[in-house]
Amino acid sequence: MYRSTARTARSASRLLQPRQTANARTLPRRFVTLGRRAPQSVTPTATPQLQHLVTRATLTSLRTMATVTSETTSYKQSAFVQWKLFPDFERLLEECKPEQAVPIFEQLLDAAREEFLTLEKQFQPTYEGTIGKLSELEDEISRAYSLLSHLNGVKNSPELRETLEKIQPQFVKLSLLMNQSAPKYNALETLKNSEEWTKLDKVQQRIVDKTLRSMKNAGIGFPENSVEKKRFNEISERLSQLSMTFSNNVLDATKGYKRVVTDRAELEGCSDTLLETLKKNGEQNGEKEGYCITLDFPIYGPFMMNCSNRALREEVYRANITKASEGAMNNEPVINEILELRREKANLLGYNSHADLSLSVKMAENVASAQNLLDRLYDASIGSAQKELEKLTRFATDKLNQPAPLAPWDTSYVSEQYRKSLFKYDEETISQYFAFPKVLQGLFDVANEVLGIQVRELSLAELETNKITRWHKDVKVFEVSENGQIKAYFYGDFYSRPSEKRSGAWMDAVTTRYKHLDGHVTLPVAYLICNQPPPQSQDEPSLMKFRDVETLFHEFGHCLQHMMTRVEYPDASGINGIEWDFVEVASQFMENFCSEPEWLARLSGHYKSGEPMPADMVDALVKGREFLSGMAMLRQLHFAKVDLALHSSFTPPKSSSDTSVFDVDAEIAKDTTLVPRLPEDRFLCSFAHIFAGGYSAGYFSYKWSETYSADAYAAFEEAAQQGGKPAISQIGKLYRDTVLALGGGTPPNEVWKMFRGRGNVDVSALLRHSGLLSQ
């Protein structure tokens with residue numbers, strides 16, 4: 001996932017929650033899956049390039065029109081399997097019901113298992129005789145399963161959940177079968193020790209090395225029919241189930257809370273725009289009257305930042321920090337079982353802890369290295385954070401008549417009022433200058449002018465002509481080109497839909513760049529998922545908060561790394577195979593453009609008058625990256641430190657007197673959280689990043705990656721000073737040819753040296769961008 005995350009320390013709103021990312025899955029290889037152009041640029045019919053893709057022999061159809069029934073349909077005829085670049089989401093939404101989907105996937109998995117067992121007898125100690133031989137099979141399985149997982153995130157329903165719950169254990173079993181294959185492992189080991197090894201290119205060698213390591217961590221070393229292997233597989237299946245349970249509990253708890261306010265006076269401080277949003281939220285939640293406050297972030301965040309009713313803020317805050325911690329949706333026992341099983345699984349593999357296992361496949365390599373970075377950033381931030389809190393408290397008592405010390409339900413509100421007093425403009429006013437079409441065009445202009453990459457939206461006529469369907473009418477489809485050649489496509493699902501769509505933002509893969517044995521190359525296709533406010537009416541665009549703008553740039557950065565890859569081996573193409581603590585570099589890098597005055601002017605304009613953003617508003621946003629940056633840094637360091645502690649040294653309680661996960665959280669908070677937290681804080685019960693995503697013992701990756709992304713952007717700052725736009729274009733091409741092109745096929749330290757000209761990363765760039773360098 002590359003799914004679920006910390007944001008960079010840029011604004012007060014980021015003190016509220018971490019970001020959701022793409023999901024990590026339990027299957028091998030690619031089974032892990034991390035705007036609009038101006039109207040005149042979109043033609044009403046298919047472009048020659050797209051039409052060529054539709055008619056070429058190897059892509060006989062992008063979708064099928066066959067009717068599917070659970071009684072007669074072979075899985076090969078299913079919409080889950082019968083597609084090339086663009087799945088038929090209209091058919092998929094019909095087929096994902098359990099009575100249809102479960103038989104289809106049972107057939108698929110049975111066939112895959114039989115095919116694998118047949119191939120297993122034919123493995124040879126060559127690349128094509130092992131990994132190459134499995135590519136087509138693994139591609140079919142991962143593509144089918146990823147569709148179901150994707151729909152579960154954007155069109156969640158009881159039927160989809162039931163389908164996933166029934167088939168996921170079978171996927172885990174197949175994954176274990178393939179990763180614990182002795183013939184495959186022995187063939188790869190023989191390959192490494194033969195003359196054939198020297199004939200492989202560097203990418204192939206890296207793929208083989210990573211495959212062998214993955215197989216070791218998947219239990220290949222256990223004797224067949226041993227007690228250890230049986231237990232390891234049981235744990236793997238159970239962890240898969242627990243992850244899904246955790247995620248569903250969070251979604252249900254979020255959807256299950258609503259606070260309806262009928263007296264507008266109770267919502268003093270909320271703008272007319274926010275009040276209208278709360279009213280529409282009520283209508284969507286079945287309320288005929290009043291204003292509805294819910295816990296999905298597009299509602300919760302603005303409410304906590306703007307409502308001056310302290311008692312109401314406290315009520316809603318308490319609901320948020322305790323969600324998914326009670327009754328049937330209580331995630332505390334789920335967390336304890338996950339932590340216990342992860343530790344046991346790591347021990348079976350010979351690691352001291354789950355953190356040791358997790359870090360063994362990351363750039364950091366060990367817990368000490370990760371902790372060292374966190375400690376260094378903490379030392380650089382704590383002084384600033386303490387001063388920031390002093391200023392906030394003084395402002396709250398002097399200007400807002402708030403009591404001191406501040407309570408946790410005060411920080412977002414006071415921070416926003418303090419920001420308005422310093423920078424003049426409130427969040428709602430600023431959002432009037434960030435109309436979604438304008439922002440999207442600006443994003444694509446950055447891609448074009450800095451990186452040489454062109455993006456355009458496919459028109460409705462093109463979608464219809466080429467039979468490209470969507471899972472929701474608001475979803476857009478885009479074509480990505482470079483030097484006149486189509487490189488990729490991506491779906492954009494930008495608006496919040498709390499009733500069916502998970503919160504947060506993420507990027508995921510539809511297809512991966514892949515050169516087949518017949519020479520045909522499958523182009524990469526990505527999902528870009530956000531949760532910004534939808535348009536208030538058909539006549540008005542979606543108005544984006546500045547954090548929504550940064551989020552859009554962030555996720556597009558992930559998409560670029562996936563789409564612009566030049567690696568044609570699927571195991572290392574795009575985002576596949578990139579170390580977890582380097583995968584956020586491309587996404588965090590893109591956020592920097594949101595703080596450049598020139599690009600802010602290009603991105604913005606009043607949604608009604610078209611007038612440019614006032615210069616002092618631009619200046620306020622540029623300075624905003626340093627606003628309360630110490631406190632924001634501490635918040636993310638808290639998440640990372642808790643994650644490492646729980647996965648390295650914590651033992652789940654056996655009795656009520658033992659230390660709980662919440663005790664660990666509270667103890668670390670004594671250093672990292674300057675506003676004392678409530679004893680009943682149960683934030684961990686909704687911390688999906690580490691309990692339902694791919695960031696267990698890996699949340700530090702956001703800060704680890706951010707040191708690289710800041711240093712990468714520093715290269716562009718240096719180029720601008722030395723040679724202006726020509727130099728920026730030159731460094732942009734180098735960035736495109738290294739960070740965006742090399743995927744997981746080259747070790748990240750080598751990618752970095754090729755781009756930056758040195759092996760080390762300069763952490764001071766991150767501190768400088770955050771205004772923390774000299775403090």
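**Terms and values in a predicted model**

Biologist: Glu162 is found in helix H5 (residues 158-179). What makes a stretch of chain a helix or a strand?

Modeller: Helices (H or I, at least four residues) and strands (E, at least two) are DSSP runs, numbered from the N terminus. Under that rule the protein has 28 helices and 9 strands. The model is predicted: local features need pLDDT of at least 70, side-chain atom pairs count only at pLDDT 80 or more, and totals for chains, interfaces and linings use all residues. Residues are numbered from 1 along each chain as its sequence is written, and side-chain values use heavy atoms, with hydrogens and water left out.

Biologist: Why is Glu162 called partly exposed?

Modeller: Buried means under 20% relative accessible area, exposed over 50%, and partly exposed in between (1.4 Å probe, protein chains only). Glu162 has a relative accessible area of 33%, so Glu162 is partly exposed. From Glu162 to Gly282, 120 residues away in sequence, the C-alpha to C-alpha distance is 28 Å.

Biologist: What makes Phe755 buried, and what makes Pro612 exposed?

Modeller: Phe755, in helix H27 (residues 748-756), has a relative accessible area of 4% and is therefore buried. Its C-alpha atom is separated by 9.3 Å from that of Arg736, 19 residues apart along the chain. Pro612 belongs to the loop between helix H21 (597-603) and helix H22 (615-624); at 62% relative accessibility, Pro612 counts as exposed.

Biologist: How do you know whether the radius of gyration agrees with that of a compact globule?

Modeller: The radius is taken over C-alpha atoms, and the globule rule is 2.2 Å times the number of residues to the power 0.38. For 775 residues the rule gives a radius near 28 Å; the protein has 25 Å, which agrees. The C-alpha trace spans about 75 × 70 × 60 Å along its principal axes. Of the 775 residues, 62% count as buried.

Biologist: How do you know where the positive and negative charges lie on average?

Modeller: Lys and Arg count as positive and Asp and Glu as negative, while His and the chain ends are not counted. Each charge is placed at NZ of Lys, CZ of Arg, CG of Asp or CD of Glu. The mean positions of the 92 positive and 101 negative charges are 2 Å apart.

Biologist: Why is the pair of Phe639 and Phe683 called stacked?

Modeller: Rings of Phe, Tyr and Trp (its six-membered ring) pair if their centres lie within 6.5 Å; planes under 30 degrees apart count as stacked, over 60 as edge-to-face and the rest as tilted. By this rule the count comes to 47 aromatic pairs. The centres of Phe639 and Phe683 are 5.1 Å apart and their planes lie at 25 degrees, so the pair is stacked. This pair links distant parts of the chain, 44 residues apart: Phe639 is in helix H23 (residues 629-648), and Phe683 is in the loop between helix H24 (661-672) and helix H25 (688-691). Both Phe639 and Phe683 are buried.

Biologist: What makes Tyr713 and Phe716 a stacked pair?

Modeller: Their ring centres are 6.3 Å apart and their planes lie at 15 degrees, so Tyr713 and Phe716 are stacked. Both lie in helix H26 (residues 701-737), 3 residues apart, about one turn of the helix. Tyr713 and Phe716 are both buried. Ring pairs link them into a cluster whose members include Phe582, Trp752 and Phe755.

Biologist: How do you know that the charged end of Arg143 sits over the ring of Trp83?

Modeller: A charge sits over a ring if NZ of Lys or CZ of Arg is within 6 Å of the ring centre and within 35 degrees of the ring normal. The charged end of Arg143 is 3.8 Å from the centre of the Trp83 ring. Arg682 lies over the face of Phe662, at 4.1 Å from the ring centre.
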